[in-house]
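Here is a set of questions and answers for someone meeting this structure for the first time. Please keep the sequence and the model in view while reading.

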Amino acid sequence: MDGGASYFAACIKELRKHLPSAVVEVLTPDFNGDMASLNTVLEAVPDIYNHNIETVERLTPSVRSRANYRRSLDVLRYAKEKRWNASMKTKSGLMLGLSETRKEITHTLQDLRSSHCDYLTIGQYLQPSTRHLTVQSFVPIEDFQFWKEEAFRLGFERVASGPLVRSSYFADQLHSPGV
């Protein structure tokens, strides 16, 4: 009924109870735009709220059949604006290698920053099985460095960018000062 929001919240609360000094990051779906479900998670006061955009707007319907690019941005914006913890950070992730253009990637980074996203991960899409989308290109390592620099230029506080980077990639280090 709530898209699993109550389970996310319960996990956050249990972590707080048993590990009060732990930094808690939660990665959630968009809850189909149900902000009451999102509030359930936010009321549990995560330190980092993560919702992945995954890909550029043009590719979203084929990559994320039940998702909506604009709704994902709205979820991130709402989470940042309605947070119960003033220091909570928002985070998102992007996969490359599905035929996105440089212009589309730049636009996506700008959209994420406009939604007040603080942290970003950028990785190479890898086809998990033959039933999934095929890789359209393997992104050169220097492109990952370029996108990292571009993300910092746009105002992201923390960025992890590389072929094997995933949403949880060194999450503890990404949140640490000096990264």
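Q: How many salt bridges does a search of the whole structure find?
A: The model is a predicted one, and a salt bridge is counted here when a side-chain nitrogen of Lys or Arg lies within 4 Å of a carboxyl oxygen of Asp or Glu. Searched in this way, the whole structure gives a total of twelve.

Q: Which residue forms a salt bridge with glutamate 104, and is glutamate 104 buried or exposed?
A: The partner is arginine 58, with the closest N and O atoms 2.5 Å apart. Glutamate 104 belongs to helix H5, while arginine 58 sits in the loop between strand E2 (48-50) and helix H3 (60-63), so the pair ties together parts that are 46 residues apart in sequence. Arginine 58 is partly exposed, at a relative accessible area of 45%. Since buried means under 20% relative accessible area, glutamate 104, with 18%, is buried.

Q: How many residues apart in sequence are the parts tied together by lysine 89 and glutamate 157?
A: Lysine 89 and glutamate 157 form a salt bridge whose closest N and O atoms are 2.9 Å apart. Lysine 89 lies in strand E3 (residues 89-96) and glutamate 157 in the loop between H6 and strand E5 (158-161), so the separation of the parts they tie together is 68 residues.

Q: Which helices hold arginine 102 and aspartate 143?
A: The side chains of arginine 102 and aspartate 143 meet in a salt bridge, at 3.9 Å from N to O. This pair links distant parts of the chain, 41 residues apart, with arginine 102 in helix H5 and aspartate 143 in helix H6.

Q: At roughly what angle do the axes of helix H4 and helix H5 cross?
A: In the contact of these helices, Tyr69, Arg70, Leu73, Leu76 and Arg77 in H4 meet His107, Thr108, Asp111, Leu112 and Ser114 in H5. By class, the contact has four nonpolar, three polar and three charged residues. The axes of H4 (residues 69-81) and H5 (residues 102-114) come within 9 Å and cross at roughly 35°.

Q: Is phenylalanine 138 buried or exposed?
A: Phenylalanine 138 lies in the loop between strand E4 (119-124) and helix H6 (141-154). Together with Leu126 and Leu164, Phe138 forms a nonpolar patch on the surface, with about 360 Å² of accessible area in total. Because the class exposed begins over 50% relative accessible area, phenylalanine 138, at 61%, counts as exposed.

Methods: Residues are numbered from 1 along each chain as its sequence is written. This is a predicted model: local features need pLDDT of at least 70, side-chain atom pairs count only at pLDDT 80 or more; totals for chains, interfaces and linings use all residues. Side-chain values use heavy atoms; hydrogens and water are left out. Axes are lines fitted to C-alpha atoms, for helices over the stretch in contact, and angles run from 0 to 180 degrees between N-to-C directions. Helices (H or I, at least four residues) and strands (E, at least two) are DSSP runs, numbered from the N terminus. Contact means heavy atoms within 4.5 Å. Ala, Val, Leu, Ile, Met, Phe, Trp, Tyr, Cys and Pro count as nonpolar, Asp, Glu, Lys and Arg as charged, and the others, Gly among them, as polar. Patches are made of residues with over 30% relative accessible area and no salt bridge: like charges are joined within 9 Å, nonpolar side chains (Val, Leu, Ile, Met, Phe, Trp, Tyr) within 5 Å. Accessible areas come from the Shrake-Rupley method with a 1.4 Å probe; for residues, only the protein chains shown count as cover. Buried means under 20% relative accessible area, exposed over 50%, partly exposed in between (1.4 Å probe, protein chains only).
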